[in-house]
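Subject: Structure handover

Hi,

Here is the structure for you to look over. My notes follow below it.

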Amino acid sequence: MTSRELLYVKTIAEAKTISKAAQKLFVAQPSLSQSLQRIEESLGTQLFNRTASGLTLTYAGERYYQMAVRILKIYNDFENEISDINGLKTGRIHMGITNHLGTIVMAQVMTRFHQLYPGVEVFVSEENSDTLDQKLLTGELDFAVMHAPAPRDRQPLIQYELLKADPFVIVLSQDHPLNAKATQEEGMEYPVLDPALLRKEPFLMVHKQQRIRQITDSVLKKAGISQPKIILTLKSYETIRILASQGLGVTLLPSEYVRLSPGGLKAALLSIPPSYNASWSMCISTLKSSFHSNAAQMFMELVRSHFAREEKTVPSN
C-alpha cells in the first residue's frame, strides 16, 4: 500500500467518478481505473459500489478512505517538518481562501511572502467557506483565510482566529424612497435604516450555501421578514451589487465588498442597527490537532499583519 494508492482512493471517493478524479490527479482515466482494480484485487474486496450516478464507498471503502486521510496527513506533516529542518529554503504550503478575499489579500501577502521565502511553494484552493471547512477537516489544507461561521455553526475540531469584523450594509439605488427614512447616528459609517422597513421590497440574493446569504437570512428573520420577496438569486455578489444600484431590488452585503465598488457605481449604502449583529469576521482557520510548519506560521503572521493595518485605516465618522 503506497502513498500514491492512498491518494488515488481518497481522490476517487471525493470526486465520486473516475473521470473527475483522473482530472484532479492529472492521470489518464484508463490508468486510474486499472490502478483501482489492482488495489481492490490486492485487498480482496471492493472499495466502491458502481452505480449509474457514480461511485459510492462500500464499508471497506469507508474504512480505507478514513485511513488514507490520516496517513496522507502524516505524510504532509512530515514534509512540513523537513521544511523546518531546511530553514525554509524549500517547502510547500497548502492554504485555502475565499474567492473575494483572494483578490484583496493574496496580491499583498503573497508578494511579501515570496520575497522572504522564494523557495517555498504555495498551493491555493479558492472555495466558499463551507468547502474550506471540509478541506481542513480532511487534512487537505494547512490553514484557510475565510469568513468565520456563526458560533453555533462552527466545527468543534477547527480553531477560528478572528481578525477583523466587517459589518453588513443595505445596498439600494440612490433615488430609492427608503433613503429618506434613514437617520444619521453617531459612530455609524452610513445613515442607519431598520431592516424591518424592507418588508415589502424585492430582494436580490446570493445562494443559500453562501455565507453572505446565511447572514442576510438571519438579519431579515430578526426583522420579522421570514419570507422575503426574492426576485433574483445568483452566485455573484458583484452582479447583485450593480443591479441593486440600478434599482432592480435591495440587498445586504459586507461593507468591505461594497467599498471596493467600481468608480462608476452609484449606490446608496445604509448601515444596520447594531442590535441586529449584522456582520461577519475574517479569520484564519486551522485544524486544532494539526502541525503548523514555520512556513505556514510565517504566512499566517503576514495575513494577521495585513488585517491589522487595514483595521487602522478603516474610515470612521
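**Overall picture**

Of the chain's 317 residues, 46% count as buried; buried means under 20% relative accessible area, exposed over 50%, and partly exposed in between, with a 1.4 Å probe and protein chains only. This is a predicted model, where local features need pLDDT of at least 70, side-chain atom pairs count only at pLDDT 80 or more, and totals for chains, interfaces and linings use all residues. Residues are numbered from 1 along each chain as its sequence is written, and side-chain values use heavy atoms, with hydrogens and water left out.

The chain has 10 helices and 11 strands. These are DSSP runs numbered from the N terminus: helices are H or I with at least four residues, strands are E with at least two. The C-alpha atoms fill a box of roughly 75 × 50 × 35 Å along the principal axes.

Contacts first. A contact means heavy atoms within 4.5 Å. Among contacts with a separation of 6 or more, 72% join residues 24 or more positions apart.

Now the surface. The chain exposes about 16400 Å², by the Shrake-Rupley method with a 1.4 Å probe; for residues, only the protein chains shown count as cover. Carbon and sulfur atoms supply 52% of that area.

Charges next. There are 34 positive and 31 negative side chains. Lys and Arg count as positive, Asp and Glu as negative; His and the chain ends are not counted. The centres of the two sets lie 3 Å apart, with each charge placed at NZ of Lys, CZ of Arg, CG of Asp or CD of Glu.

**Pocket**

The largest pocket holds about 1100 Å³ of space. A pocket here is an open set of points on a 1 Å grid over the protein atoms alone, with protein on both sides within 12 Å along at least five of seven lines; a cavity is a set where a 1.4 Å probe fits but cannot get out, and lining residues have an atom within 4 Å of a point. Grid points are joined across faces, edges and corners, and a volume is the space filled by probe spheres set on the points.

The pocket is lined by 29 residues. Closest to its centre are Leu-7, Lys-10, Thr-11, His-94 and Glu-140. Two or more lining residues come from each of helices H1 (3-15), H2 (18-25) and H4 (59-85), and strands E3 (91-97) and E4 (120-126). H1 gives the largest share, 7 residues.

Two residues from these elements deserve a look. Tyr-59 is in helix H4 and is exposed at 63% relative accessible area. The C-alpha atoms of Tyr-59 and Asn-49 are 9.9 Å apart, across 10 residues of chain. Glu-126 is in strand E4 and is partly exposed, at 46%. Glu-126 touches Ile-97, Asn-99 and Gly-102, leaving out residues up to four places away in sequence. The C-alpha atoms of Glu-126 and Ile-97 are separated by 5.1 Å, though the two residues are 29 apart along the chain.

**Cavity**

The structure holds 1 cavity of 30 Å³ or more. The largest cavity has about 40 Å³ of space. Its lining is Leu-204, Met-205, Val-206, Ile-212, Arg-213, Thr-216, Ile-240, Thr-251, Leu-252 and Leu-253. Strand E7 (202-205), helix H7 (211-222) and strand E9 (251-254) each give two or more of these residues.

Arg-213 sits in helix H7. Arg-213 counts as buried because its relative accessibility is 6%. Beyond residues up to four places away in sequence, Arg-213 touches Met-205, Val-206, His-207, Lys-208, Ile-230 and Thr-233.

Ile-240, another lining residue, belongs to helix H8 (residues 237-245). Tyr-237, Ile-240, Arg-241, Leu-243, Ala-244 and Ser-245 are buried in this helix. Just after H8, Gly-247 takes a positive phi of about 95°.

**Backbone points to check**

Most residues other than glycine have a negative phi. Lys-16 has a phi near 70°. Lys-16 lies in the loop between H1 and H2 and is partly exposed, at 48% relative accessible area. Asn-277 has a phi near 50°, also a positive value. Asn-277 is in the loop between strands E10 (267-271) and E11 (279-287). Asn-277 counts as exposed because its relative accessibility is 55%.

Best wishes
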